[in-house]
Amino acid sequence: MKSEIHNIVILTGAGVSAESGIDTFRSEGGLWEQHRIEDVATPEGFSRDPDLVLRFYDMRRAAIQTKRPNPAHQALARLDAEWPGELLIVTQNVDDLHERAGASRVLHMHGEHLNAWCIACDTRSPWTKSLIERPPCPACNARALRPDVVWFGEMPYRMDEIYAAMARADLFVSIGTSGAVYPAAGLVRNAREIGIQTLELNLERSQGSQWFHATRLGPASEVVTGWVEEMLS
């Protein structure tokens, strides 16, 4: 199969970053346990209590900056650097660990913790500090910054680019995803409809596991590293 693969689309989820100490989405004991999703991850929650939301994301932004890429991130960065065909890492994660590991062909469909979005001028700026004190936008000086994170009820970013890459791909790989959050969870069905190979690398089978041609189970640091070695050998 490897000889037939030229273009690859990889979807990564929270399972890729779990071994770096970043809690998986709504996991037991995870980062959402003290807050209802409706309160901290919806536009309505932000309108209702912006201080709660900004404080919540300030904590997440600070925490992410203390984490480090793990072997799964490093293996994907190596694949990104050495794979001769097209390759796109589509991540649901809002951390920057793919980039810090060295990957450059990365698309954040759910936004990035280390960006701030000005809802006054629609500018996104790199941001590592707090937002709770309503700092001015670097572009327009309005005090209208919010986390650049896609909340429930909002459209993920750059879906046209993702579907265009899928249309050119020979292989779709899903790594560390639950298969529960759409539209990301629907990408494997899209891959099957257009006739490309599909592979799942996960700690346990996802909700959409039946759609994959093959599944490999285990910690991301092991299964991702092993698969990358095979692809580059």
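A charge sits over a ring if NZ of Lys or CZ of Arg is within 6 Å of the ring centre and within 35 degrees of the ring normal. Arginine 124 meets that rule: its charged end sits over the ring of tryptophan 117, 4.5 Å from the ring centre. The model described here is predicted. The points below take the sheets, then the aromatic side chains, a helix pair and some loop residues.

- Strand S1 covers residues 8–12, and strand S2 covers residues 87–91. The two pair in the parallel sense, over 5 bridges.
- Threonine 12 has threonine 91 in S2 as its bridge partner.

- Strand S4 (residues 111–118) and S6 run antiparallel and are joined by 5 bridges.
- Glycine 111 stands opposite valine 149 in S6.

**Aromatic side chains**

- The model has 4 aromatic pairs.
- In one of them, the ring centres of phenylalanine 56 and tyrosine 57 lie 5.1 Å apart. Their planes stand at 80°, and planes over 60 degrees apart count as edge-to-face, so this pair is edge-to-face.
- Phenylalanine 56 and tyrosine 57 are both buried.
- Tyrosine 57 also pairs with tryptophan 151. This pair is tilted, with 6.1 Å from centre to centre and 45° between the planes.
- Tyrosine 57 belongs to helix H4 (residues 50–64), whereas tryptophan 151 is in the loop between S6 and helix H7 (159–168). The pair therefore ties together parts that are 94 residues apart in sequence.
- Buried means under 20% relative accessible area. Tyrosine 57 has 2%, so it is buried.
- Tryptophan 151 has a relative accessible area of 3%, so it is buried.
- Phe46, Phe56, Tyr57 and Trp151 make up one aromatic cluster.

**A helix pair**

- Helix H5 (residues 71–82) packs against helix H9 (residues 220–232). Their axes are 8 Å apart, and the angle is about 20°.
- Angles under 35 degrees count as roughly parallel, and H5 and H9 are therefore roughly parallel to each other.
- Their crossing is left-handed.

**Residues in the loop between S5 and S6**

- Glutamate 133 is placed in this loop. Its relative accessibility is 66%, so it counts as exposed.
- Glutamate 133 and alanine 169 are 36 residues apart along the chain. Their C-alpha atoms are separated by 45 Å.
- Asparagine 141 is found in the loop between S5 and S6 too. With 57% relative accessibility, asparagine 141 counts as exposed.

**Positive phi angles**

- Most residues other than glycine have a negative phi.
- Asparagine 141 is not a glycine, yet its phi is positive, at about 75°.
- Arginine 158 is not a glycine either, and its phi is positive, at about 55°.
- Arginine 158 has its place in the loop between S6 and H7. At 42% relative accessibility, arginine 158 counts as partly exposed.

Methods:
Residues are numbered from 1 along each chain as its sequence is written. This is a predicted model: local features need pLDDT of at least 70, side-chain atom pairs count only at pLDDT 80 or more; totals for chains, interfaces and linings use all residues. Side-chain values use heavy atoms; hydrogens and water are left out. Two strands pair if DSSP finds at least two bridges between them. Helices (H or I, at least four residues) and strands (E, at least two) are DSSP runs, numbered from the N terminus. Rings of Phe, Tyr and Trp (its six-membered ring) pair if their centres lie within 6.5 Å; planes under 30 degrees apart count as stacked, over 60 as edge-to-face and the rest as tilted. Buried means under 20% relative accessible area, exposed over 50%, partly exposed in between (1.4 Å probe, protein chains only). Axes are lines fitted to C-alpha atoms, for helices over the stretch in contact, and angles run from 0 to 180 degrees between N-to-C directions. Angles under 35 degrees count as roughly parallel, over 145 as roughly antiparallel, 65 to 115 as roughly perpendicular and the rest as oblique. A crossing is left-handed if the near helix is turned anticlockwise from the far one by less than a right angle, and right-handed if clockwise.
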